[in-house]
Amino acid sequence: MKIAVCVKQVPDTWAEKKLKADTSTLDRESADGVLNELDEYAVELALQLVEANSGEVVIVTMGPERAAETLRKAISMGADAGIHVVDAGLGGSDAIATSAVLAKALEGRDFDLIVFGSESTDARMSVIPAMVSERLGLAQVTFAQKVEVEGDTLTAERVTDYGFDTLTATLPVVVSVVEKINEPRYPSFKGIMAAKKKPVETLSVADLNLDAAAVGAGAAWSEVADFAARPPKAAGVVVTDEGAGGTSIADYLTTSKFI
Amino acid sequence: MSDVLVLAEHHGTEVRKVTFELITAARDLGTPVVLWLGSGCDDSTLASLGNFGATKVLVVDSAEVSDHPVAPGAEILASLIGTMQPAAVLVASSADGKEIGARAAIKSNCGIITDAVAIAPDLTVTQNVFGGSTIVHSKVNHGTPIITLRPNSVSAVPESVTAVIEHISSDISDGAQLVSIVNRNVVEKGARPELAEADVVVSGGRGVGGAEGFGVIEALADSLNAAVGASRAATDAGWYPHQYQVGQTGKTVSPSLYIANGISGAIQHRAGMQTSKVVIVVNKDPEAPIFELADYGVVGDLFAVVPQLTEEITQRK
Ligand SMILES: Cc1cc2nc3c(=O)[nH]c(=O)nc-3n(C[C@H](O)[C@H](O)[C@H](O)COP(=O)(O)OP(=O)(O)OC[C@H]3O[C@@H](n4cnc5c(N)ncnc54)[C@H](O)[C@@H]3O)c2cc1C
């Protein structure tokens, strides 16, 4: 089984995220870059499937130079190789362009499974897996809380508003996972050492035969007119319960007309 | 006025409240035309769509659409974008809505903006990003704007028209039928309002201590006609079903009132409730980060505070 896992470097979860005044894009330099949390679950799924069925796991990322650290971090969990699409022309790419780049990087490599986290903590759009599967014409099994592969049949549970749907498809399949799917492993010391020697292919926009005009900020199909920090919420009132805590909340709710 | 295409969010005959919000938002942009995928569009659902201003409801009810997720819907949406040339397409910010919108955007070469909280008549979209800390105004500048709207951001306002129904046939390609739905597992939701749509949400976390503990959370919720939510710690422990999880990987809620009980306020939890209008916190740890979001907070044991609150509410009603 040959599995690709697409990962993203995002600002550290707790860091304050800001847009840059000049480009209206996320200020990525001011915060530490980390592996998007949900992508760890995607890597874990790929590793478990390969451990059960043999095969290889390739980590794929699009991002600036320093996203290489994140790629190595994901590889150190136990993957075999990496692909890093890095190009100055990619900065400011929207979801449409990002999906085009990832699809090109994945195309023609005979992956049986392409796995994503269902959402990144910065953009939170949850659309890239669907877009990539659309571009590649592959089956889409997303928001999965459970995935099983038997032979070339994949069975999964897609989380829905009302519970979950059980889905089946024949490989190759594009999958996205939610955090209920597994418990990601920590990279072992051995894994961290080994990751340094794993092959990483670096690709530019030209290497992918993509039109430079189709990616980057200039190609975005939506544009930011303006943005502003929301005024911080006024500090609330916090009281300590001395026997009438519940009543005091009821008073607050009455004053604010909830009851 | 041009048409504005609205993708109905529904579960069988049950129309989700966000559908009425979408139609209300569409009225400011043009003439609302609803696309209904699958079964369930009977006379009463049709009338309810008309009550909010839907002039026409296009229904595609076939096995191809019902038995395969996302891809058939995207194909139909893309073909309607081509033939109708609507001013905009509005869908709900749900998993299905976003993914159908995303695939249609690729097929039709249209820009997409997700998680709108408001849409102006000139199609400028307002979003609250980074957990609500930043307000962004943006606009699609390529093709038909596809916009996903967060539930509970626009209030549904009735405007009665008589909706006409039009059954449309569609040829769904084999490529859109690669995935089959073999079973829909519906977890009983009971009589409480739908979590993502509720005006009041009462949530419980690890501090609730166990499945039985959720009894006090449910009692408070019922006194306020609220939905019940839970933190991941509570859903992972099996104390409350997964689909009630609020947060980054659960539901995003934006109610008028959110009451967090025994929840510490991890960033992943906040991501799903930070834009709630009024937040009330009950937690025995004065240092819990959730207090940063509180309009009113009580440091105390939820098993003392919450039942007392429920009692007070019941008496005052
Ligand atoms: C990829 C990823 C996705 C995640 N997605 C989500 C998500 O969608 N939603 C989510 O909620 N979390 C999510 N999490 C988990 C999140 O990081 C926290 O672990 C979780 O929110 C903690 O839940 P909690 O606040 O209930 O528990 P805790 O952090 O353990 O807090 C329990 C609180 O209860 C208080 N308490 C205890 N007993 C009482 C009592 N008797 N009375 C009053 N207070 C009491 C304690 O003081 C404490 O503050 C995610 C994590 C990851 C890594």
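Guide: Let's start with a term: buried means under 20% relative accessible area, exposed means over 50%, and partly exposed is in between (1.4 Å probe, protein chains only). This is a predicted model, where local features need pLDDT of at least 70, side-chain atom pairs count only at pLDDT 80 or more, and totals for chains, interfaces and linings use all residues. Residues are numbered from 1 along each chain as its sequence is written, chains are lettered from A and ligands numbered from 1 in the order in which they are written, and side-chain values use heavy atoms, leaving out hydrogens and water.

Now to the pairs. A salt bridge is a side-chain nitrogen of Lys or Arg within 4 Å of a carboxyl oxygen of Asp or Glu. One of them joins R109(A) and E201(A), at 3.1 Å from N to O. R109(A) sits in the loop between α3 (95–106) and β6 (113–117) of chain A, and E201(A) in strand β11 (residues 200–203), so this pair ties together parts 92 residues apart in sequence. (Helices, H or I with at least four residues, and strands, E with at least two, are DSSP runs numbered from the N terminus.) E201(A) is partly exposed, with a relative accessible area of 34%, and R109(A), at 24%, counts as partly exposed too.

Next, E44(A) and R185(A) meet in a salt bridge of 2.8 Å, N to O. Here E44(A) is in helix α1 (residues 37–53) and R185(A) in the loop between β10 (173–177) and α5, so parts 141 residues apart in sequence are tied together. E44(A) is buried at 4%, while R185(A) is partly exposed at 27%.
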